[in-house]
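Please take a moment with the sequence and the model below before reading on. The paragraphs that follow lead through aromatic contacts, charges over rings, sheets and backbone angles.

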Amino acid sequence: MKRTNLLFSALMGISILSCSVDESTGIPTEEVPRLNITFIMDDEAERLDNLGNPVSVPEGNAAQNPDFDVLGLHFMGLYPDKFTPYDEGATITSTATTGSGGATAIDFDSEVFLNEEINTFSIPLSYVAAGTYEYFRASIGYQKYKIVYNLEGAETEIPDWPDGVDDNIDVDATVGSFLGYNTYIGNYTLDKLTVDVNGNKAQGYFGLETQGNINGFVLTQLTQGNAPQTTVPNPIDDTSPVPEGSCVVTGQFPTALVIPANASEDINIEVVISINQSFEWEDGNGNRKYEPLLGENVVDMGTRGVFPSVVD
């Protein structure tokens with residue numbers, strides 16, 4: 001099982017989890033109770049559809065578990081019950097939007113980016129409305145991860161492919177996928193390549209970079225495309241739908257989260273995001289290998305469920 005810990009820092013109330021100091025006096029200040037959130041990308045978590053029902057990969061398609069690197073979030077919120085409208089929850093964080101590309105869009109550069117190198121994050125509990133919450137929601141704006149695909153078809157599709165070299169070769173690729181309803185992107189970096197956009201991209205846009213050396217042939221490829229579907233599980237869609245085209249995932253706490261009015265201790269939340277077979281494509285020949293040079297298209301690169309819980 002691959003469980004990738006992504007611990008992050010908030011846009012406000014950032015502090016190292018140790019004694020803080022008043023910069024004007026140099027005197028240690030009193031610690032305050034905080035809400036700490038840990039994200040775990042899990043390829044063995046349950047695989048869900050848009051309505052939160054367990055689902056397998058459909059016939060005619062194939063899928064793989066991505067090797068995660070970066071997760072970008074636009075919004076996080078807490079909800080008292082399944083009847084609470086999307087726009088009436090308690091907001092934990094919400095990043096900037098912009099009109100620079102025309103229509104209002106998520107500002108990519110302002111998202112909260114999570115990775116394994118950033119080790120802690122907390123937000124003062126005083127910033128979160130006291131109450132009892134049954135649901136957690138997050139708007140996932142960006143994912144970067146590695147996948148494996150096969151070069152079958154390279155002999156005819158890639159100029160200067162070396163003579164006599166079989167193109168039935170598996171290679172690694174880095175994918176940057178944009179899940180938000182609309183995202184303004186200046187540029188983004190995959191592995192070694194930086195992609196300039198300077199405009200809005202709708203949900204489903206992705207870039208894919210391949211770097212390799214095959215019998216002395218240096219392979220450098222950049223592909224851009226659009227996945228026609230982005231799965232965003234919402235098990236309470238019938239009572240609390242999310243905006244159409246958004247990538248707001250919804251999960252229920254096994255036991256409701258209680259945030260007291262005068263909290264005296266930290267509260268820790270673990271949020272498991274399912275990436276179980278989340279990179280899905282049309283498998284034209286049924287061999288379960290992603291072969292884009294043979295015309296196999298990506299059909300879905302959303303997430304497959306969110307499972308929050310309160311931990312000690």
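**Aromatic rings, sheets and backbone angles**

Tyr-205 is buried, with a relative accessible area of 2%, in what should be read throughout as a predicted model. Phe-178 also counts as buried, because its relative accessibility is 1%, a value under the 20% that sets the limit for burial. The centres of the rings of Phe-178 and Tyr-205 lie 5.7 Å apart, and the pair is called tilted because the planes meet at 35°, an angle that falls between the limits of 30 degrees for stacked and 60 for edge-to-face.

How many aromatic pairs does the structure hold? The count is 17, and a pair of aromatic rings is described by the distance of the centres and the angle of the planes. Another of these pairs is formed by Phe-279 and Trp-281, whose ring centres are 6.1 Å apart and whose planes stand at 45°, so that this pair is tilted. Both Phe-279 and Trp-281 are buried, and they take part in one aromatic cluster together with Phe-68, Tyr-145, Tyr-149 and Tyr-290. A charge over a ring is also found at Tyr-79, where the charged end of Arg-137 sits 5.0 Å from the ring centre.

Trp-281 leads on to a sheet, as its bridge partner is Val-298 in β19. Two bridges join β18 to β19, and these strands run antiparallel. They belong to an open sheet of three strands, in the order β3-β18-β19, with antiparallel pairing. Which strands stand at the edges of this sheet? They are β3 (61-64) and β19 (298-300), and because each has a single partner strand, one side of each is left without a neighbour in the sheet. From one strand to the next, the twist averages 40°.

A second open sheet has four strands in the order β6-β7-β12-β13, and its pairing is mixed. Here the edges are taken by β6 (97-98) and β13 (194-202), each of which has a single partner strand, so that one side of each lacks a neighbour in the sheet. In general, strands of a sheet pair through backbone hydrogen bonds, either parallel or antiparallel. Strand β7 (residues 105-107) and strand β12 (residues 182-189) run parallel and are joined by two bridges, with Ile-106 standing opposite Thr-183 in β12.

Most residues other than glycine have a negative phi. Is Asn-198 buried or exposed? It is exposed, because its relative accessible area is 56%, and the limit for that class is over 50%. Gln-277 likewise is not a glycine and has a positive phi, of about 50°, but its place is in the loop between β17 (267-274) and β18 (279-282). Gln-277 counts as buried, since its relative accessibility is 19%, which is under the limit of 20%.

Conventions
Residues numbered from 1 in each chain as written. Predicted model: local features only at pLDDT ≥ 70, side-chain atom pairs only at ≥ 80, totals over all residues. Heavy atoms only, no water. Phe/Tyr/Trp six-rings, centres within 6.5 Å; stacked < 30°, edge-to-face > 60°. Buried < 20%, exposed > 50% of the residue type's maximum accessible area, 1.4 Å probe, protein only. Lys NZ or Arg CZ within 6 Å of the ring centre and 35° of its normal. Pairing = 2+ DSSP bridges. Axes fitted to C-alpha atoms, helices over the stretch in contact; angles between N-to-C directions.
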